[in-house]
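Hi everyone, thanks for coming. I'd like to walk you through a structure that may be new to you, so let's bring it up on the screen.

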Amino acid sequence: MPQVTLTVNGKRHTVAVEGRTLLVEVLREKLGLTGTHIGCDTSQCGACVVHVNGDSVKSCTMLALQAEGAEVTTIEGLAKPDGTLHPMQEMFREHHALQCGYCTPGMVMSAIDLVAKHPEGLTEREIREGLDGNLCRCTGYHNIVKAVAAAWPLMHAKPMPAAAE
Amino acid sequence: MGFEGIGAAVKRKEDGRFLAGRGNYVDDINRPGQVYAYFKRSDRPHARILRVDTAAAASAPGVVAVYTGADFAADGIGGLPCGWQIHSKDGSPMAEPPHPVLAQGKVRHVGDPVVAVLAETRQQAKDAAELIEIDYEDLPGTASVLDALKPGAAVVHDEAPGNVCYDWQIGDKAAVDAAFAGAARVVKLDLTNNRLVPNAMEPRAAIGECDIAGNYTLYTTSQNPHVIRLLMGAFVLHIPEHQLRVVAPDVGGGFGSKIYHYAEEALVTWAAGKLKRPVKWTAERSESFMSDAHGRDHVSTAEMALDAEGHFLALKVSTLANMGAYLSTFAPAVPTYLYATLLAGVYKTPVIYAEVKAVFTNTVPVDAYRGAGRPEATFLLERLVDAIAHDTGIDRIELRRRNFIPANAFPYQTPVALQYDSGDYETTLAAALKAADHTGFPARRQAAAAQGKLRGIGISTYLEACGIAPSAVAGALGARAGLYEVANVRVNPTGSVTVFTGTHSHGQGHETTFAQVVAEQLGVPVSQVDVVHGDTARIPFGMGTYGSRSIAVGGSALVKAMDKIIAKGKRIAAHLLEASVDDIEFKDGKFSVAGTDKSKTFGEIALTAYVPHNYPIEELEPGLDETAFYDPKNFTFPGGCHVAEVEIDRETGVVRVVNFTAVDDIGRVINPMIVEGQVHGGVAQGIGQALLEQAGYDDGGQIVSGSFMDYTMPRADNVPNIHVGTESTLCTHNPLGVKGVGEVGAIGSPPAVINAIVNALEAYGVRHLDMPATSQKIWSILQAGAPRMAAE
Ligand code: FES
Ligand code: FES
């Protein structure tokens, strides 16, 4: 069986995989990182989103072998070692942006990437469109959108530009 | 600690683990030595099974076992049971054909499981399933109730000739006919309620396990583990209850679809017993589409008799309800006692008659989903009321007001069995219109028109029923289960509290709200309260969570158990304080002697109960641990008003919900933050049903929406910000005054959205639109006609 070496949440792993093994399967089944979820089989739901080399990626769309040498961050790798949550996690809690929690890891990972890539600010409409790849059946998205907007100033350490609000 | 009791927006205790990726969902669990199950399912809607050849699969790499329906038959295992029996008009019991775990003889819907392959890895099981050969003789199939009832239609079950499961009625037909005969006017509306796929984001999963002594454990994605233990243990696999443990850990949404006992749960448990190895199965999403019970799917005709002023005189409803290919656990109850009994709505219609025919088709079974019967009743009524307004020219708000049950009429007996205990429909209507700035609408419509957009506003004034009860009444109506709930309150020696509840939380946040109820009553901080649910080995026999029953029924049991704790605590305090029990008061976490400053804290009493050195041991047992079972006296009746405002793009037909306002009467609010979240989610489902979602079948029963590629789920950009308000009257018959909030959003919103679209299209002569109001449907209307005067 071929092998793949990748760094996940700062730790290097080498695992044997089949050619068809998906990144999400390696994370969940080989590395025991079950925070990354699987919600579909057509790459439509976003429950499996992780960061690969700093970009959000649906880990069900990527073969494990494609992650050779990659730096992967999952939901388990967001909080600081002392347990301090990432501002996005904090704001999800603050604004009740999760109910059953199943979509949450993917939603948080997508939202962090969205905010990080928009230093110019985000309107409510842009947040909604930016989260278009992540399904949630519980929250109606209302509080997720609020949480993402609230995380923006914390992540960029400045107020959201007025034009974007 | 700040205020954490009833009414505080306490942040959720469960969020920490979910946000850190440390939830514990069934698919996250792996048991040593487990094998993986994969199901070969029917790709035919309806066919006779001529031959199943599993030889190649059985010898494929990694395969441990291959099972077919014949193995279950050989073991004397019958089918999956149905939990509710309906009787037809003529008194005969409904047709209740068998529902085998794996198909026997025939397949009846796409997704019907035929063969189970068990292998060392998931991939090996899946690969081996490819090698199975099944010869089918295709039979004609049906998907719609109308086709299934046609003479000569293919018969799904020999036990149900003509595909009729039951033909049921409620209400006074003679009185309704008489009222129609004398009516000034009759308004009629034909409508359908579209079939939905629940699509909780966590796909169903199950792990069966059996130890050497024959003790079984089933980990499953369930809303009600004790119900599964009872149904599967007692009725399917014949495992004594003390040897079967069912665990429903963190569950990623349910909405009804995880109430039922499913074939896969029975298979993994049974196979674990055979193999003495754990057996794991996790649904792929495409399996969810063809095996999770669907929701809705009604075809109805509604007629209202009116006097000259538009007062409702009588309502007549005829509904065909699709049951799918088999009876799911509670399916028969949905279009009867959760639908037809709701047809009075918020109106004082004096007489009502409804008949409901439940029909078998070659589709996935249909059962209770997010509102279950009440969304269907509400859509029918609230569309009918707008059609009456359209036909008579009476303003639709005035028409509603004219027919409301007034606030001083409670308790109010409807002509369809229910007795409402409380409500105030005028108040929720007025508050919603104000919050939605209804008076400002004409200006907004004008502004939209200037941008080339059609803008419309719609309302729905709805009512629903939660916490189905009492047990004796439900039993008389066909329920084969009790409908009480149970709570065990264990005060620990140092005064912290563990609550064991029969309800289940799969997104609702009970770990927080139930702790708030404890904080309110016992004065113990929320952080010192642990709420345990979802494991039959830990919790007493309770019925689980569905029908927005958890706080109304489970919360009541919790209060009753805490009453017992306080009563016992008073006796202990009386002993310690050398006072009479009658003089002991309990307030703010302290037992004190009335009129003195002598007191003992809750923690001191707890410790005394477990270290009974100075204790009235002759009259009182040690310990502080009480259980209460609570059987409700009645349903609770949340209601309210939803207002939707839509804009339609003339070029594309795309409908955007631009404003949404919900003002609900849900009784006492325990946690306003959680309440708002529940309403948001329900409204998004309602918008999804109104605009996007449709479980698609071709005429023969082949699924045409089998994934998220072709079943349109509401996404963040399909939903607006949602204004949520509450205007509550209290439930009069439970100790907390609570009514329930889990489903109001999904119940009240669909007709508000459709009423808004019809309003926006009024110049096009549109009187009614069935859901989903897709852009294609709207575009065709826009193309078909230059605007003309509204006319029927
Ligand atoms: S599991 Fe990856 S998008 Fe759904
Ligand atoms: S919180 Fe349940 S799916 Fe999003």
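Let's start with a quick one: in which helix of chain B is Gln685(B) found? The answer is α18, the helix that covers residues 672-691 of chain B.

Before we go further, please keep in mind that this is a predicted model. Its scores are ipTM 0.98 and pTM 0.97. For chain B, the average pLDDT is 96, and 99% of the residues score at least 70.

Is Gln685(B) buried or exposed? Its relative accessible area is 2%, and the cut-off for buried is under 20%, so Gln685(B) counts as buried. And what is Gln685(B) in contact with, once we set aside neighbours within four places in sequence? On chain B, we have Leu196(B), Tyr369(B), Arg370(B), Glu693(B) and Ala746(B), and from chain A there is Arg137(A).

Hold on to Ala746(B), as that residue leads us to our next stop. It belongs to helix α19(B), where it takes part in the contact with α10(B). Helix α10 spans residues 374-392 and helix α19 spans residues 744-760, both in chain B. Their axes lie 8 Å apart, at an angle of about 30°. Angles under 35 degrees count as roughly parallel, so that is what we call α10(B) and α19(B). Their crossing is right-handed.

Who meets whom here? From α10(B), the residues include Pro375(B), Phe379(B) and Arg383(B), while α19(B) brings, among them, Ile747(B), Pro751(B) and Val758(B). Taken together, the residues of this contact divide into 8 nonpolar, 3 polar and 4 charged.

Key:
Residues are numbered from 1 along each chain as its sequence is written. Chains are lettered from A and ligands numbered from 1 in the order in which they are written. This is a predicted model: local features need pLDDT of at least 70, side-chain atom pairs count only at pLDDT 80 or more; totals for chains, interfaces and linings use all residues. Side-chain values use heavy atoms; hydrogens and water are left out. Axes are lines fitted to C-alpha atoms, for helices over the stretch in contact, and angles run from 0 to 180 degrees between N-to-C directions. Helices (H or I, at least four residues) and strands (E, at least two) are DSSP runs, numbered from the N terminus. Angles under 35 degrees count as roughly parallel, over 145 as roughly antiparallel, 65 to 115 as roughly perpendicular and the rest as oblique. A crossing is left-handed if the near helix is turned anticlockwise from the far one by less than a right angle, and right-handed if clockwise. Contact means heavy atoms within 4.5 Å. Ala, Val, Leu, Ile, Met, Phe, Trp, Tyr, Cys and Pro count as nonpolar, Asp, Glu, Lys and Arg as charged, and the others, Gly among them, as polar. Buried means under 20% relative accessible area, exposed over 50%, partly exposed in between (1.4 Å probe, protein chains only). pLDDT is the predictor's confidence in each residue, from 0 to 100.
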